[in-house]
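Open the structure in your viewer and keep the selection tool at hand. This tour tells you what to pick next and what is there.

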Number of protein chains: 2
Amino acid sequence: MEQKKQMQLSLQMVSGYGAEFNAWRMPGADPAAYTNIDSYVERAKLAEQGKFQMIFIADTPALTSSLSTKTPMFPMDPMLALMAVARETKHIGLVATLSTTFNYPYNLARQFKALDVISHGRVGWNAVTTSDPNVAANFGSKPVNRQERYEKAHEAIEIVQALWGSWQEDAWTLDVETGQFADMDKIQPVHLQGEYYATRGPLPIPPSEQGQPVIFQAGGGQEGLELAGRFASGVYANPYDIESAQEYRQTIRQSAAQFGRNPDDIKMFAGFMFSLGATEEEALMRRKQLMDFNPEEIPGRVSYLGSMINLPLSVHSIDIDQPLAPQLLQRAYASPMDPRSPKALQLLQQGLSVRDVLAHGVINYHPVVAGTPVQVADFLEEWFLAGACDGFSIVPDASFDGVADFVHLVIPILQERGIFHNEYEGNTLRENMAVPYQYGVQK
Amino acid sequence: MEQKKQMQLSLQMVSGYGAEFNAWRMPGADPAAYTNIDSYVERAKLAEQGKFQMIFIADTPALTSSLSTKTPMFPMDPMLALMAVARETKHIGLVATLSTTFNYPYNLARQFKALDVISHGRVGWNAVTTSDPNVAANFGSKPVNRQERYEKAHEAIEIVQALWGSWQEDAWTLDVETGQFADMDKIQPVHLQGEYYATRGPLPIPPSEQGQPVIFQAGGGQEGLELAGRFASGVYANPYDIESAQEYRQTIRQSAAQFGRNPDDIKMFAGFMFSLGATEEEALMRRKQLMDFNPEEIPGRVSYLGSMINLPLSVHSIDIDQPLAPQLLQRAYASPMDPRSPKALQLLQQGLSVRDVLAHGVINYHPVVAGTPVQVADFLEEWFLAGACDGFSIVPDASFDGVADFVHLVIPILQERGIFHNEYEGNTLRENMAVPYQYGVQK
């Protein structure tokens, strides 16, 4: 029997809580999960039970939003969180974002490769550029313009990969009899000098079971595509619909081909959010409960929804627990600038209340399915079979039970349908992502 | 009964092996301990059994010596090693060196404080400056001169401490009922601008159980003393004899007083090496076994020993397994430039062979006792009671059994004599070091 093509799944860890910033107030949640490293380890173990290919920790080294009522978006420290997880898992991949704009390549190379060796070849680096002026200020810098950021990114990744390859694969002889610890002819400086970064090397760390960490990429635009095509084996993308996802995936694959690579060696993960219930109504209830924790934000959300369908909606002029009046609705049209708009309009036209439409997640930054496990599985299957992506970056609404529910309720359906694996293919992230072995600089 | 004054003990982890670079070849050693994080965790657990106040990981981000026959001097990554240890220990302090010369203060502040929170207040930062030109080259820099290094160190530590204090102690309200996650009036930028480093902040990490990590210092000279006096609660020092240790300790204490601090709040740890045996002869045999792994180094050691006692010793002109001839020995005198010389001369005058004198560790970079557990305990007691130090930075010859032997054989003697504690005084490093709580910049 021919093996069906199978999707890959990445679980995004959003600080300790989940995609919804009120998740910390849910009954059963640990409000202090931000500082409780157990919360990361436990979710990673659950994800490993569910055969997720990897966990993924995004990062921005700054306080990017007020913590008055919402939880932080990023963990205290991504590499320490992954180290804790590495000790208590065996197969799942460990991917973290660190900036190429505000880190020394030597430090990046060292910490990622050390973790890759310690975890027996399960690490990935999501190499991003950082435009946030708050981050720049934290590093005593002015904001760095886009061109310079991407030039720095190319230099940083090349230097990091060169350092990763500077301890050759057979350099560690470890011969107790003769007393040769390593063959120093095979541990050589790299002597790279760029415009922004330089290093001498070598990095004194031997290869891991997968050679070296897998490069991920997440930025958009022409510069992001080039970086992905040249270096990345995984791309985190944020499409809102199948068509734009298909298009973006093709563009990424073409970029890889332009750099002489096999397009199948670059995997696109589409961001995806979900809320589960035994029924769609129950799932919506859960989202409304999350929304109701911050009633003061509802006016802003209503007006934002209005802008998506070109109506001046306000909590003062409409009852958000009712459908929109037909005479209002007939003037609405989906904003061509926002790919989420057609779904928003469609739900309103189906007669859902404004609150319910918001609860469906139409203004979230990834597609949302609020529904049953089958509805979630249907969505993932449809996108995947349409070639919209190679897998998904899954962001649960609230981590404390969302991860377990996905693992226990959705994964078995995907496995049953033959579109998600039943077991890890290998021991390393490269094996489990089906991307080639790599050592040293990408050729 | 009055409580005797008690020494503190820090266990130095030298990559995976021990102070002697041939330790990887000892029967029973794990030759690949460098990449085996278990080796760090197991030794730290042993040290915790022995009530060591802390483990200590030194660091230099470069390959500092050939690995042809010797093991690396530093672990793959100090912070990841400490994170692994933090998860599997409860009381022992976790101290790592990271350079103030080649790290962004924001990154330093973040990773150390995150680990401090995760470990429930057990972390210390040994803030050093880096002169090594190989390190500078790894970071794309020319070597940094001494004055600039220390100016950078002052700026870096001040910025790091300011960031540590930028999330005020009562800022994290975590009120599930009202929905206030944190009081943003108490999480403020620090806006520090130095000559070399600057940061905006805040660092979004709450206080740990000890407020913030403990600062350690290890550099010498007037600049090192000032840095220690201003910031450090712990100092790693390298005296060879009691007199110079007493003098250095007094100087450090005076420096703290000059910065308005209580001299008792700065603890000096003297580096100390040992090899244990049931008899002194057995301990010497162990050291000779370690030495014999690299016979090609013996000529250099013999000639180095000669320079300490002002004799032109060579393996070609003497039999190193015999005592020196009296007519040769009578021309010898201890080099006044090297405080290790009198001991070397004394042992030779006692009629020990040259090989045995070398085995006693007279040319090692810390004082060495090769002897029985009682001899080791006697040495530590004598130094401690003479006020030569507040504790010791213990460096076993070979980690695989050296740590266990020290814990099982030496610690009980120290406890029996009342000069080492039987139990941890508290849960945090500050409590166990008896140094004051600290939050934000040292006043």
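Select Leu225(A) first. Setting aside neighbours up to four places away in sequence, Leu225(A) is in contact with Tyr248(A), Thr251(A), Ile252(A) and Ser255(A). The model is predicted, so keep that in mind at each stop. Now show the helices. Leu225(A) belongs to helix α6 of chain A, residues 221-231. Is Leu225(A) buried or exposed? Its relative accessibility is 11%, and buried means under 20%, so Leu225(A) counts as buried. Leu225(A) and Thr173(A) are 52 residues apart along the chain, and their C-alpha atoms are separated by 40 Å.

**Chain A as a whole**

Along the principal axes, its C-alpha atoms fill a box of roughly 85 × 50 × 45 Å.

The accessible surface of chain A is about 16,200 Å², and carbon and sulfur atoms hold 50% of that. Of the 443 residues, 63% count as buried. Now think about contacts between residues with a separation of 6 or more. In chain A, 77% of these contacts join residues 24 or more positions apart. Colour the charges next. There are 34 positive and 51 negative charges in chain A, and their mean positions are 2 Å apart.

**Ser99(A), in a strand**

Select Ser99(A). You are in strand β3 of chain A, residues 93-99. Ser99(A) has a relative accessible area of 5%, so this residue is buried. A polar atom of the Ser99(A) side chain lies 3.3 Å from the backbone nitrogen of Phe102(A). Now look for partners beyond four places in sequence. Ser99(A) touches Leu108(A), Val128(A) and Thr130(A).

**Two backbone features in chain A**

Select Gly201(A) and Pro202(A). Which kind of peptide bond runs from Gly201(A) to Pro202(A)? The bond is cis, with omega near -5°. Pro202(A) sits in the loop between β6 (198-199) and β7 (214-217).

Go to His191(A). This residue is not a glycine, yet its phi is positive, at about 50°. His191(A) lies in the loop between α5 (146-164) and β5 (192-193) of chain A. With 57% relative accessibility, His191(A) counts as exposed.

**Over to chain B: the loops**

Select Gly201(B) and Pro202(B). A cis peptide bond joins them too, with omega about 0°. Pro202(B) is in the loop between β6 (198-199) and β7 (214-217) of chain B.

Now pick Ser15(B). Its phi is positive, about 35°, although Ser15(B) is not a glycine. Ser15(B) lies in the loop between β1 (8-12) and α1 of chain B. Buried or exposed? Ser15(B) is buried, with a relative accessible area of 0%.

Start with helix α1, residues 37-49, and select Ser39(B) in it. Ser39(B) is buried, with a relative accessible area of 11%. Beyond four places in sequence, Ser39(B) is in contact with Gly16(B) and Ala33(B).

Finish in helix α5, residues 146-164, at Val160(B). Val160(B) counts as buried, at 1% relative accessibility. Leave out residues up to four places away in sequence. Val160(B) then touches Pro105(B), Leu108(B), Ala109(B) and Trp125(B). Val160(B) and Ile413(B) are 253 residues apart in sequence and 40 Å apart in space, C-alpha to C-alpha.

Terms used:
Residues numbered from 1 in each chain as written. Chains lettered and ligands numbered in written order. Predicted model: local features only at pLDDT ≥ 70, side-chain atom pairs only at ≥ 80, totals over all residues. Heavy atoms only, no water. Buried < 20%, exposed > 50% of the residue type's maximum accessible area, 1.4 Å probe, protein only. Contact = heavy atoms within 4.5 Å. Areas by Shrake-Rupley, 256 points an atom, 1.4 Å probe, with all protein chains shown as cover. Lys, Arg positive; Asp, Glu negative; His and termini not counted. Charge placed at Lys NZ, Arg CZ, Asp CG, Glu CD. Helix = DSSP H or I, 4+ residues; strand = E, 2+ residues; numbered from the N terminus. Polar contact = N/O pair within 3.5 Å; in protein donor to acceptor, adjacent residues only side chain to side chain.
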